[in-house]
Amino acid sequence: MLNEIIYSNKDDFEIIKELRNEIKKYTQNLEKEAEGKQFFIKYTKKMDEFITIIFKFVLKNMFGCYRPNINSLPITITAMGSYSRYQLSLYSDIDVMIVYEEVKGYNVIEIVESFVTMLWDLGLTIGHRVHKLDELFEVSKKDITIKTALLESRYIYGSKYLWVGIQNELKKIRLDNQKEYLLARYKALQDLHKKYPLSMEPNIKDGFGGMRDANTLFWVANVIYGISNNSELIGIVYDENDYKEYRNNLEFLFRVRTHLHIITKKHIDIVSLEYHRDIALKLGYNDTKRLKAERLFIKDLLKSLWNVNKFTSIYTKKLLRKFMYNPKTISNIERISKNYYICEDKIYINWHNKDSMKDSFKVLLNNKFKFYDVSLVNLFYHQKVNVTKNQLKTLFNKNDIYPIIKALYKANKLSTLIPQFSKIKYLAQFDGYHHYPVDIHSIMTLYNVENIKYKNIQKVYKNIKQKNILKIVALFHDLGKGRTKDHHLVGEKLIDIFMTKLNFKENEITLGKKLVKYHTIMSNVAQREDIDNDKVLLNFANVVEDKTTLDMLYVLTYADIDAVGEGIFNNFKEYLLTTLYKNTLEIIENKELLILSSKRAKKEKQLLKNEEFLKLPKSWQKKVLNSPSSQLFIKNSVNEIVKIVTQMKNTQKYDYQIHQNPLSIEIIKKGINFDLGYFLGKLSYGVSHIAIYKIDDVKYFKIDFDTFEADEYTISELIEKAFKENNEYIFINPKLKREEFTLDCNHSKNYLALKLKTKDKNGIIAYIMQMMDKYKIDVEDIKISVQKGIVRDILIINKISGFCEIYEQFLKEFE
């Protein structure tokens with residue numbers, strides 16, 4: 001068809017127009033044919049056909065009926081890059097190299113220029129190089145990218161005599177400075193892995209496990225063996241089954257890339273979240289009850305990327321090993337056992353090692369190393385999992401277990417060794433937060449536990465005795481994901497099964513379960529709550545309960561956040577986490593506060609189930625639960641709390657009630673002053689307890705007396721006067737001494753405690769409250785205790801009042 005067009009009697013303009021239409025028509029119908037490598041091959045061959053016919057057309061115009069034999073014309077057209085590998089994808093540049101020799105009698109340069117111009121005029125996106133034959137060797141020395149492109153050259157059309165000369169030059173290039181080229185090529189791949197690590201939006205060309213991994217294996221094998229296809233090494237370097245699995249996974253990447261380009265209508269290689277569903281449906285995935293089509297697709301994509309990387313990393317390194325020998329490190333190599341070596345903290349394995357995994361573990365568990373060579377992955381990959389329970393348990397006691405865990409994972413053996421890991425293999429996380437799939441995130445969390453970057457956290461980790469449990473938790477903390485139930489609770493069950501199987505003690509299992517269940521609580525509190533608020537701290541401390549749990553949770557939280565993605569954990573988050581840790585530690589070491597917190601937390605849960613409480617407006621419920629007055633929850637029953645907070649809500653200005661037998665007075669004020677000192681001073685009754693509760697701008701006073709009956713009329717008058725300003729009353733000085741006071745400015749994060757121990761006498765509280773009013777100090781709770789004639793009073797004061805700063809001035813009142 002194409003030959004008929006160029007050799008027709010039509011003029012050049014009509015021929016060019018028809019060729020352009022043929023190219024356009026072909027590219028517009030490509031979507032129907034888009035399926036993996038076969039599509040690439042077909043598309044590549046079609047481009048070969050177009051390029052060949054265009055060159056023939058140029059020659060026809062140049063020579064007419066006197067066109068010389070094609071082999072006699074000193075021009076050869078070759079394919080380069082993905083085009084040469086039969087991996088040409090839609091919207092990719094069609095890279096060609098035109099090689100020529102200068103021969104008198106031929107207008108070679110004019111022919112080449114006409115050919116290139118024609119390619120562009122016909123709408124083909126061409127990338128081209130033009131070289132004389134004798135230039136190729138020197139050109140290849142410029143950089144590894146040019147050398148690689150030249151080595152991949154594939155004949156399309158032109159002089160086959162010249163192609164023989166090109167092949168001879170390519171052989172010289174292939175053999176030239178092999179070591180430098182191969183190591184540079186290997187480093188370039190490692191740099192790409194750092195730039196594009198595996199994530200939920202993988203780069204399937206240049207990223208981890210992408211096509212560049214496969215290309216690098218080919219480039220290395222081509223330079224060493226002179227092969228034209230990786231399949232030529234079956235039976236020499238790798239076996240057929242391994243290669244078949246690798247090719248199936250690579251084929252899947254080809255199919256994904258084709259659909260990605262068709263859907264986006266442009267040349268991109270990052271599989272962004274917005275394209276997942278469209279690609280999944282194109283590939284035939286369907287929604288299930290548990291997972292959407294896109295979740296099933298991305299799981300298979302991640303699996304393929306891992307498998308491609310596993311195969312290529314093992315065999316690329318195996319081919320390169322003789323070039324990577326560094327004589328400077330020979331003195332540092334330690335042979336720890338037959339076929340096992342350590343150099344600069346990295347474990348290396350002889351590639352011919354045939355040990356069982358059980359025997360390998362005997363060596364690995366008894367030696368220290370922080371890094372692993374891919375030869376360890378190769379060893380695990382070809383072993384059956386026969387590790388004993390005791391070996392697995394011992395593994396977690398090792399200082400650095402990450403290298404072994406990661407190598408097991410890359411060899412696809414971790415989920416066999418730890419079955420609980422299988423459900424989260426290649427499981428993506430579409431939460432807008434995590435950068436990596438669950439399996440990678442979990443392993444990175446373990447890595448972070450063993451490689452802490454912050455001194456405060458390092459110091460705590462160093463003193464943790466049960467590091468083995470922390471490492472198990474780091475690996476297990478998210479294994480409950482991918483189920484319908486809360487992953488914290490599922491994970492709690494999974495770690496219970498694992499640790500029970502390994503014969504851990506009951507208290508160790510309980511600790512592991514607790515850490516998994518609450519592994520996100522410290523992050524949530526540190527980043528979302530007021531970490532200087534007593535109620536927040538007490539509630540958190542009540543969950544943590546002890547220093548051992550707090551220490552482990554502190555390290556685990558850091559490791560978990562830092563494993564979310566690069567730059568997620570920073571100095572500010574470290575400050576928040578460390579502040580919460582220190583504040584909580586103060587509370588944990590004060591058992592009395594912890595007990596009180598537990599009581600309050602219990603009452604809060606009961607309130608949230610109380611029908612009368614739930615009838616209150618949501619805003620008021622929230623204010624009640626956030627009240628700083630813990631005594632409200634500790635000293636009263638649920639029904640009493642509901643009664644009190646309802647009265648407080650309904651109070652417009654002030655209200656009071658007087659109860660007899662025994663005498664007890666309830667006073668509520670909202671936004672106005674109440675002179676408590678005046679009121680107590682005017683009464684002649686002894687006070688046994690004063691409770692002061694605060695919710696928003698409403699205060700509740702409950703004053704209990706040590707008498708059973710009183711004149712209600714007189715009390716009512718005094719209460720009314722106490723609400724009026726400028727009351728004149730001369731307070732009786734109970735002659736307290738400054739040494740009878742003790743101030744605890746660190747009673748809690750928000751409150752200080754002023755303690756008084758003195759002989760029982762009249763007017764103590766009235767006088768102290770009068771002094772507090774004088775200095776404008778807001779007392780929020782008063783605990784009064786009288787035993788054997790000795791008064792032990794505690795006044796709880798908010799630190800915001802600045803009482804600690806004026807304490808010395810306050811004491812002068814008692815000199």
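Helices (H or I, at least four residues) and strands (E, at least two) are DSSP runs, numbered from the N terminus. The structure is a predicted model, in which local features need pLDDT of at least 70 and side-chain atom pairs count only at pLDDT 80 or more, while totals for chains, interfaces and linings use all residues. Residues are numbered from 1 along each chain as its sequence is written, and side-chain values use heavy atoms, with hydrogens and water left out.

In α36, Phe-803, Tyr-807, Phe-810 and Leu-811 are the buried residues; buried denotes under 20% relative accessible area, exposed over 50%, and partly exposed the range in between (1.4 Å probe, protein chains only). These residues lie on the same side of α36, because they cover an arc of only 80° around the axis, the arc being that of the directions from the helix axis to the C-beta atoms.

Phe-803, Tyr-807 and Phe-810 also belong to one aromatic cluster, together with Phe-741, Tyr-767, Tyr-775 and Phe-814. Rings of Phe, Tyr and Trp (its six-membered ring) pair if their centres lie within 6.5 Å; planes under 30 degrees apart count as stacked, over 60 as edge-to-face and the rest as tilted. By this rule there are 35 aromatic pairs. In one of them, the ring centres of Tyr-243 and Tyr-246 are 5.7 Å apart and the planes stand at 55°, so the pair is tilted. Tyr-243 and Tyr-246 are three residues apart in helix α11 (residues 240–264), and therefore about one helical turn separates them. Both Tyr-243 and Tyr-246 are buried.

The rings of Tyr-767 and Phe-814 have centres 6.0 Å apart and planes at 75°, so this pair is edge-to-face. Tyr-767 is in helix α35 (residues 764–774) and Phe-814 in the segment after α36 (803–811); the two are 47 residues apart, and the pair links distant parts of the chain. Tyr-767 and Phe-814 are buried.

Charged groups also sit over rings, a placement that requires NZ of Lys or CZ of Arg within 6 Å of the ring centre and within 35 degrees of the ring normal. Lys-172 lies over the face of Phe-137, 5.1 Å from the ring centre. The charged end of Lys-467 is over the ring of Tyr-461, at 5.1 Å from its centre.
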